Amino acid sequence: MHRIILWLVVVVAFMVSLVVPGKPEIEACQSRDTRVVAPYAVTGYWVMPRADPCVTRRMVEAIHAIGGDTMITFGPRFSAREDPDFADCLVDGRPCAEVPGVRHVYTYVTSEEFGKGLLRCPGLDRRIESRGRIFYRVSLAGSCQDPVQDLVLIATDGDGLGNLMTEAAAYGMTVFPGLPAAPQLAGKPWEPDTAHTAALTAFTARVLADYRERFGRSSAFGGVYQSFELAMRTRSAKDPIIELYAAQHKVVAATLSGKKIVVSPYIDARRGRGFPPEQVEQGLADIAATRAGLPMAVAVQDGRGTGKVPVHGIQEAGAKVVPRLVPVVGDVSNAQAYYGATRDYIEAAARRVPSGVELWVNVEGFEPTPVDGECGRVDPLPLRGRTTKSRIDQQVMAAGTHAAKIISYGWDPFFTCQARYDTPSLADDIVNGWRQPIIVGASRKEMNGRPGVLVEGYNLRGGTLRFDPQGVVVKQEWYEKGRLESAWAPYVPSGPWTSITATNETGHSSTSGYVIR
């Protein structure tokens, strides 16, 4: 039950080993525990690759223990600017970039060690060990004999991605490494700098060729994640991010036939800054059009963590926004602050999911700002706070029945941090509360000629359904398990809305009610 806390202890031990001179390296990792002890509705997480294989093992084990089967990494930034981090990169005492005919030098800081699939031009392309660090130098020239060429200098802190692939395969999990992220346009960091798209796609092809060679036979290699973010809304006919997607995804299709591309666009319901739900259908179609024939998963960011979208029930449009959203939109009603709630946007997206696309939902596992005494993210900015298991349950509810998969950003630090050493993490709270039912859909349904209510969700088996505000508790009379669990009870809702709470056969109850009209 407390294996996740154990994992944190291992992380602390690892960090100590980095700063204590002469401390010996871990020679052998603790044996794997492949049990799933608390299968939760969220089955995928963004993670940070770790250079230490034992830390990686403990992280993967902790995610797997709560039902995780998918891990996603962000791709490092493909930078067009000079980077002082590369001063240590020397070849025969000279800077690595001092090569005849160099036109532009790009840099790339990552957590992976590449193989021979990255290196093409003998002597020029090479792995470099310099001043105790590992670098790579890669030419992007069309031919090794070209007199003018662009160079990429790569710095790595170890083979974190390789470690992640190894452990994921051992636990029967899937990894989607992030594609190299495009350089950002100066003054408009939300847009890619298209002047460097050709160099980016050439480098992407080299990285993916190396992935094909190193991970092509691994059961853990599911595809790639598109690291450059965009809004899932109506866009102009000539949109630079869509053009970037099309160019980079064409390279993916040419190099990794049949692999899946994962994209996680955001939605923004804030009045005056965001957009209404009616725009997401076209936004989804535009993203899907870039998949170059590959399968694609569009994991919509639900917006609750950033405060861009609320997760309130359909009866709460006129209610005040919850306190954690006040710093983002002010002390106003939901209707005054937002065009709609997460459920409205997901339902709009689900109306017409393009062929070849799966609709996933990315529930943001954090709060917009931290409060006193709360752990969270302090770097990079902006500051974010830790949320609760019941809040995540509400986000899963809002995802509804339409999500083929629910994933979350991000595992570390939001699911692992602790306010104090003796307090539970969010992952610990999931371990302790995973049996609590979550209703994600409800409808009126006759069964054997009797009127009633059918609910869908997680951990519903046995027990009762409570209908509020009437306060009526009715025993379940039918249950079935499929992609989602279903349960039925004979009850006719009355009034303008009804909130349904489930209590299952283990005695656990929903942390929030699901509301139907």
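Thr-56 has its place in helix α2; helices (H or I, at least four residues) and strands (E, at least two) are DSSP runs, numbered from the N terminus. This is a predicted model, in which local features need pLDDT of at least 70, side-chain atom pairs count only at pLDDT 80 or more, and totals for chains, interfaces and linings use all residues. Residues are numbered from 1 along each chain as its sequence is written, and side-chain values use heavy atoms, with hydrogens and water left out.

- Thr-56 is buried, at a relative accessible area of 0%. Buried means under 20% relative accessible area, exposed over 50%, and partly exposed in between (1.4 Å probe, protein chains only).
- A polar atom of the Thr-56 side chain lies 3.0 Å from the backbone oxygen of Asp-52.
- Beyond its neighbours within four places in sequence, Thr-56 is in contact with Arg-50, Asn-163, Leu-164 and Glu-167. Contact means heavy atoms within 4.5 Å.
- Thr-56 and Thr-166 are 110 residues apart in sequence, yet their C-alpha atoms are 9.4 Å apart in space.
- Helix α2 spans residues 53-65 and helix α3 spans 160-170; their axes come within 9 Å and cross at roughly 45 degrees. That angle makes α2 oblique to α3. Angles under 35 degrees count as roughly parallel, over 145 as roughly antiparallel, 65 to 115 as roughly perpendicular and the rest as oblique.
- Axes are lines fitted to C-alpha atoms, for helices over the stretch in contact, and angles run from 0 to 180 degrees between N-to-C directions.
- The α2/α3 crossing is right-handed.
- On the α2 side, Pro-53, Thr-56, Arg-57, Met-59 and Val-60 take part. They meet Asn-163, Leu-164, Glu-167 and Ala-168 of α3.

**The eight-stranded sheet**

- Eight strands form an open sheet with parallel pairing, in the order β9-β2-β1-β18-β15-β14-β13-β12. Two strands pair if DSSP finds at least two bridges between them.
- The edge strands are β9 (174-176) and β12 (223-225), each pairing on one side only.
- From one strand to the next, the twist averages 25 degrees.
- Within this sheet, strands β14 (residues 296-301) and β15 (residues 357-364) run parallel and are joined by six bridges.
- Ala-297 has Glu-358 in β15 as its bridge partner.

- Strand β7 (residues 133-139) is mostly covered, with six of its seven residues buried.
- Strand β6 (residues 126-130) pairs with β7 in the antiparallel sense over five bridges.
- Strand β8 (residues 149-156) runs antiparallel to β7, and six bridges join the two. Here Ser-139 stands opposite Leu-151 of β8.

- Five of the five residues of β24 are buried, so the strand is largely enclosed by the rest of the structure.
- In a regular strand the side chains alternate between the two faces of the sheet.
- In β24, Glu-485, Ala-487 and Ala-489 point one way, while Ser-486 and Trp-488 point the other way.
- Strands β23 (residues 478-481) and β24 (residues 485-489) run antiparallel, joined by four bridges. They form a hairpin with three residues between them.
- Across this pair, Glu-480 stands opposite Ser-486, and Trp-478 stands opposite Trp-488.
- Strand β20 (residues 453-458) also runs antiparallel to β24, with five bridges. Gly-457 stands opposite Glu-485 there.

**Helix α12 and Ser-510**

- Helix α12 (residues 426-433) is largely enclosed by the rest of the structure, because six of its eight residues are buried. Those residues are Leu-426, Ala-427, Asp-428, Ile-430, Val-431 and Gly-433.
- Ser-510 is found in the loop between β25 (498-503) and β26 (514-516). Ser-510 is buried, at a relative accessible area of 11%.
- Not counting residues up to four places away in sequence, Ser-510 touches Pro-437, Thr-501 and Ala-502.
- The backbone oxygen of Pro-437 lies 3.5 Å from a polar atom of the Ser-510 side chain.

Methods: Polar contact = N/O pair within 3.5 Å; in protein donor to acceptor, adjacent residues only side chain to side chain. Left-handed = near helix turned anticlockwise from the far one by under 90°.
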